[in-house]
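Student: Could you help me learn how to read a protein model?
Tutor: Gladly, let's look at one together.

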Amino acid sequence: MVRDYGVTRATLYNWKSKYSGMEVSKVKRLKELKERSRKQKQMYADLALDNRKLKEVIEKTLESEIKKQIAVEIVKEYGLSIARACKLMEILRSYFYYQKKRDDSEVEEAIRSAA
C-alpha cells in the first residue's frame, strides 16, 4: 500500500497515530474544523493588518483635538470605555479629560483700558 501511493512509512505511521480508531465522519469533521480554523486565522490576520494601517493613518493625519472629539463620540455612540476610546485614538486619558481654560484676554484688556 505504501509503495502503491508513493507515501513514506513515516507518513503512514503519523497517519495511523493521528487517525487510528476514528470513524470516517469524525475524520471529515476534523478536516472541516481545521479548514474553518485556517479561515478564521486568515480573517484575523487581515483585520489586524487593516487595524494597524488605519491607526497609522489616524496618527499621521489627524490633529489631537480632532482625535479627542472622535474619542468622545466613540464613548457616546458605542458605549466604549474612555480608556478604550483613548487607546483607539492614541491619546492620553488626561488629554481626554483636559478642558481649556477660558480666554480672559478681552476682560483683562477692558480692565486695563478702564484704569
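Student: Leaving aside its neighbours within four places in sequence, which residues is A85 in contact with?
Tutor: Contact means heavy atoms within 4.5 Å. By that rule A85 touches A71, I74 and V75, once neighbours within four places in sequence are set aside. Keep in mind that this is a predicted model, where local features need pLDDT of at least 70, side-chain atom pairs count only at pLDDT 80 or more, and totals for chains, interfaces and linings use all residues. Residues are numbered from 1 along each chain as its sequence is written, and side-chain values use heavy atoms, with hydrogens and water left out.

Student: Which residues make up the largest nonpolar core?
Tutor: A nonpolar core is a set of buried Ala, Val, Leu, Ile, Met, Phe, Trp, Tyr and Cys residues joined through side-chain atoms within 4.5 Å. Buried means under 20% relative accessible area, exposed over 50%, and partly exposed in between (1.4 Å probe, protein chains only). Here the largest such core has seven residues: A71, I74, A85, C86, M89, I91 and F96. Helices are DSSP runs (H or I, at least four residues), numbered from the N terminus.

Student: Is K67 buried or exposed?
Tutor: K67, in helix α4, is buried. A salt bridge needs a side-chain nitrogen of Lys or Arg within 4 Å of a carboxyl oxygen of Asp or Glu. K67 has none, as E90, the nearest side chain of opposite charge, is 5.0 Å away. Lys and Arg count as positive, Asp and Glu as negative; His and the chain ends are not counted.

How values were computed. Helices (H or I, at least four residues) and strands (E, at least two) are DSSP runs, numbered from the N terminus.
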